[in-house]
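Colleague: I am new to this one. Could you walk me through it, feature by feature?

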Amino acid sequence: MTEDVPPPEDGPENGPEDGARHDGAAGEDARESPDPPDWRREFAEEARSERPDLARLCLLIGAVADPTVTRHVLNEAEIELDRLAGLVPYATRIVGDWATALADLLGNREGFEGVPADYQRLESSLLHEVLRRRRGLPILLSVVWMEVARRAGAPVYGLGLPGHFVVGFGDPADLHLADPFSGGRPMTGPDAELLVTSATGEALDRSMLRPAEPGAIVLRVLNNIRAWAAPRPERSDVALWAVELSLLLPSHPARLRYERAELLVQRGDFLTGAAEMEAYAHVMDAVDPESATTIRRRAQAARARLN
């Protein structure tokens with residue numbers, strides 16, 4: 001499920017290369033270790049841990065996306081989340097009005113919110129950039145809210161409604177929701193129903209109201225990145241690493257393996273792409289023999305492009 005993307009607006013398209021550079025931090029990291037970090041290995045280990053850390057997984061996505069990111073940058077992002085959590089009034093724990101307190105802190109005082117143009121920026125899906133810019137997609141702004149609230153002791157969860165991600169507090173059955181993209185605007189049950197109907201044309205299904213697990217949230221972030229890259233063939237590199245990180249998650253759609261094969265062929269790695277297509281076709285033999293045959297033909301066509 002990807003975020004509900006509005007029509008593109010005029011203006012330059014920006015990736016992480018347009019954000020702040022971290023050369024000084026890079027030099028510091030270089031002195032600490034002669035070997036560059038293996039961000040993908042760290043992502044895989046965190047994703048498959050007993051209790052995956054949502055903030056760390058999102059920050060590791062940014063590290064894979066942006067070659068200027070160093071461990072210092074990731075540490076600074078974690079420190080910023082801790083700092084924000086420390087600003088939540090202690091009295092909030094007593095009265096339990098977490099949504100109001102976080103809207104005042106993150107939406108009003110710290111300026112976290114979204115605008116339509118954010119959908120056209122890759123950095124809107126990278127947590128370290130969202131913390132720097134105070135702008136991002138609904139799901140990344142919700143991650144900021146969730147991580148700040150969790151550190152402050154709030155009973156918080158994420159809710160992946162079709163086309164829009166929001167946060168909830170307390171018992172999920174009570175639907176005490178807030179929309180971080182709108183600066184923390186409170187949402188009621190009818191608000192959620194209207195949002196779903198607008199996005200899908202269908203009524204709200206109770207299954208849509210289950211709190212999202214970290215793995216599902218991260219997969220949705222990566223889906224958004226793939227959706228950003230899809231109409232930009234010159235950024236097939238972004239689509240490829242987003243697919244490859246998705247495949248490192250314990251639960252992911254099997255078809256992503258075929259998508260990776262197609263991207264490899266698109267990028268000129270015909271032999272590897274063809275081999276992965278054939279491997280996927282072997283899996284499809286048991287469930288859809290006709291599709292398996294089509295995929296094998298595409299693998300043959302990919303190999304033929306070597307001649």
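Modeller: Begin with the elements. Helices are H or I runs in DSSP of at least four residues, strands are E runs of at least two, and both are numbered from the N terminus. By that count the chain has 14 helices and four strands. Keep in mind that the model is predicted.

Colleague: How many residues are in the chain, and what share of them is buried?

Modeller: The chain has 307 residues, and 49% of them are buried.

Colleague: What is the average pLDDT of the chain?

Modeller: pLDDT is the predictor's confidence in each residue, from 0 to 100. Here the chain averages 88, and 89% of the residues score at least 70. Two stretches call for caution. Residues 4–15 have a pLDDT below 50, with 22 contacts in the model beyond near neighbours in sequence. Residues 17–30 are also below 50, and that stretch has 22 such contacts as well.

Colleague: Among contacts between residues at least 6 apart in sequence, what share joins residues at least 24 apart?

Modeller: The share is 60%. I217 gives a local example. I217 lies in helix 10. V143 is 74 residues away from I217 in sequence, yet their C-alpha atoms are 8.7 Å apart in space.

Colleague: Is I217 buried or exposed?

Modeller: I217 is buried, because its relative accessible area is 1% and the cut-off for buried is under 20%. Leaving out residues up to four places away in sequence, I217 touches L54, I139, V143, M146, F165 and A212.

Colleague: Which residues touch the most other members of the largest nonpolar core?

Modeller: The general idea comes first. In soluble globular proteins, nonpolar side chains tend to be buried together. In this model the largest nonpolar core has 71 residues, and I61, L222, I225 and W241 touch the most other members. Take W241. Beyond residues up to four places away in sequence, W241 touches R40, I61, V64, A65, L222 and I225. There is also a second, separate core of 13 residues, including Y258, V265, F270 and A274.

Colleague: Which residues of helix 2 are buried?

Modeller: Start with helix geometry. An α-helix has 3.6 residues a turn, so residues three or four places apart point the same way. Helix 2 covers residues 39–47, and its buried residues are W39, E42, F43, A44, E46 and A47. Their cover includes helix 3 (54–65), helix 4 (71–86), helix 10 (214–229) and helix 11 (236–247).

Colleague: Now the surface. Which residues form a nonpolar patch there?

Modeller: Y90, I94 and V95 do, with about 400 Å² of accessible area together. V95 sits in helix 5, residues 91–95. V95 counts as exposed because its relative accessible area is 62%, and the cut-off for exposed is over 50%.

Colleague: And the backbone? Where is R134 found?

Modeller: R134 is in the loop between helix 7 (127–133) and helix 8 (138–152). R134 has a positive phi of about 65°, although it is not a glycine. R134 is buried, with a relative accessible area of 14%.

Colleague: What is the phi of L175?

Modeller: L175 has a positive phi of about 50°, and L175 is not a glycine. L175 belongs to the loop between strand 2 (164–169) and strand 3 (176–179). With a relative accessible area of 13%, L175 is buried.

Note on methods: Residues numbered from 1 in each chain as written. Predicted model: local features only at pLDDT ≥ 70, side-chain atom pairs only at ≥ 80, totals over all residues. Heavy atoms only, no water. Patch = residues over 30% accessible without salt bridge, like charges linked within 9 Å, V, L, I, M, F, W, Y side chains within 5 Å. Areas by Shrake-Rupley, 256 points an atom, 1.4 Å probe, with all protein chains shown as cover. Salt bridge = Lys/Arg side-chain N within 4 Å of Asp/Glu carboxyl O. Buried < 20%, exposed > 50% of the residue type's maximum accessible area, 1.4 Å probe, protein only. Contact = heavy atoms within 4.5 Å. Core = buried A, V, L, I, M, F, W, Y, C linked by side-chain atoms within 4.5 Å.
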